[in-house]
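My entries follow in the order in which I looked.

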Amino acid sequence: MRLALLGCGTVGQEVVRLLHEQATDLTARIGAPLEIAGIAVRRLGRDRGDLAVDPALFTTDALSLIKRDDVDVVVEVVGGIEPARGWLVEALRAGKSVVTANKALLAEDGVALHDAAAEGGGDLYYEASVAGAIPLLRPLRESLHGDRINRVTGIVNGTTNFILSAMDATGAGFAEALEEATELGYAEADPTADVEGFDAAAKAAILASLAFHTRVGAADVHREGITEVTAADMASAQAMGCTIKLLCIAARGVDPTGRETVSVRVHPAMIPRSHPLASVGDAFNAVFVEADAAGQLMFYGRGAGGAPTASAVLGDVVAVARNRLAGVRAASESAYADLSVRPMGEALTRYHVSLDVADRPGVLAAVAGVFARHDVSIATVRQGSAGGSGGGTGRADDAELVIVTHVAPDAALAATVGELRGLDIVRSVTSVLRVEGGV
Ligand code: NDP
Ligand code: HSE
């Protein structure tokens, strides 16, 4: 079984290392030895440490490597949309099996890859693309195929989880926690994809597609990052017995006409400390799956890093290699349900709103009236002195109001907050956060 490796960076080098270290076991598990036919990289002269590879295997011509007749399996750990898309479509159409960790490409144009796999008859596996080492996609696409998944809630980005965990533990602001994440090597030099939620949104699209048998792409996912989360927000959450996590949430629903739908979103949210995801700290990932018959399932582990990600890649390599030797192919993409993706405005959620208001008669009634006008039901109201946990102005004639709503459409909640911001009696809206997980 001959393998073309595209990319030899953080993940690729660990793939090579594991291929060497576990060669005997891999041969036994597959039923044939695995051999590297070639390794495509961008810079031939780059120092790759003590990697034990014949230098003659390296090439900068990925396409020619893929096209070679003696290549059975293509492993792509380069990343990005192009040229990876062109390479993988070419490989799949030619009947090769592909293993990729490229969530950005799968979320952007998974359709092209699945169609090419169907055309060529090879396998397309991508376990490493979501939550690194955690076996998650195989359970969704195989083990849970007899069940009906209703909701997937996950922490799928390690960098942002590290930052939010640090803010929770130390009271630091976002910028300070990001600096620490960068110093410790968790955040990349350009952290945009992580902190703005693009990475989590790509993973959310992949998870939703598998869980709901529906094609969901990155553009279908409502995305908000964590750059606006403040130390005051975290203090508000703590005062409620909660913490803040960047969640990816994919949920079944029903639209006003009774049609089944799915909503997919990534945003920071308050969750109670008793929720299983609240205790997921540092750069760890975890995904909470709720299914009809299985009930609640939790998947937890390392979502990034060279070796953990390579573990998932190698697992896929063994699976596709065994399939090739047996002359079979895994079940193709399952998108039969074809549910429509609901816009964020229709997603049902809850809000936690902290306000600094004038402390005088009628103010609470006026504020409550705004919620009522938008048909948003208030669950709890707490009043304290301004400058409390929400970080208010501290004026003697001000008060802090903390309001938690019942479930309502996101658009109604957003309109409520918009109107509150325009009221004279509202000095400032100090914190607005969605609330998940039954506070
Ligand atoms: P790196 O940036 O460390 O490595 C990328 C590799 O691709 C390098 O070897 C680079 O070559 C090579 N490369 C880049 N452009 C080209 C090109 N045009 N032609 C040939 N080779 C090229 O990335 P990672 O290993 O971190 O990530 C790889 C993939 O795995 C990405 O899709 C990423 O999202 C995914 N992933 C990564 C995780 C992680 O923890 N790092 C976790 C989960 C998924 P050269 O070495 O010469 O520069
Ligand atoms: N940048 C990602 C994270 C790792 O922070 O989780 C790769 O998916």
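I began with the rule for charges: a charge sits over a ring if NZ of Lys or CZ of Arg is within 6 Å of the ring centre and within 35 degrees of the ring normal. I keep in mind throughout that this is a predicted model.

With that rule I looked up Arg-223, and I noted that its charged end sits over the ring of Phe-198, 3.8 Å from the centre of that ring. I also noted Arg-141, which lies over the face of Tyr-125 at 4.4 Å from the ring centre.

In one of them, Phe-162 and Tyr-186 have ring centres 4.4 Å apart and planes at 25 degrees, so I recorded the pair as stacked. Phe-162 belongs to helix α7 (residues 158-170), while Tyr-186 is in the loop between α8 (174-183) and α9 (192-195), so the pair ties together parts that are 24 residues apart in sequence. I looked up accessibility too: Phe-162 counts as buried at 7%, whereas Tyr-186 is partly exposed at 36%.

The other pair is Phe-284 with Tyr-300, also stacked, at 5.2 Å centre to centre and with 5 degrees between the planes. Here I found Phe-284 in strand β11 (residues 284-291) and Tyr-300 in strand β12 (residues 295-302), so this pair ties together parts that are 16 residues apart in sequence. Tyr-300, with a relative accessible area of 47%, went down as partly exposed.

Terms used. Residues are numbered from 1 along each chain as its sequence is written. Chains are lettered from A and ligands numbered from 1 in the order in which they are written. This is a predicted model: local features need pLDDT of at least 70, side-chain atom pairs count only at pLDDT 80 or more; totals for chains, interfaces and linings use all residues. Side-chain values use heavy atoms; hydrogens and water are left out. Rings of Phe, Tyr and Trp (its six-membered ring) pair if their centres lie within 6.5 Å; planes under 30 degrees apart count as stacked, over 60 as edge-to-face and the rest as tilted. Helices (H or I, at least four residues) and strands (E, at least two) are DSSP runs, numbered from the N terminus. Buried means under 20% relative accessible area, exposed over 50%, partly exposed in between (1.4 Å probe, protein chains only).
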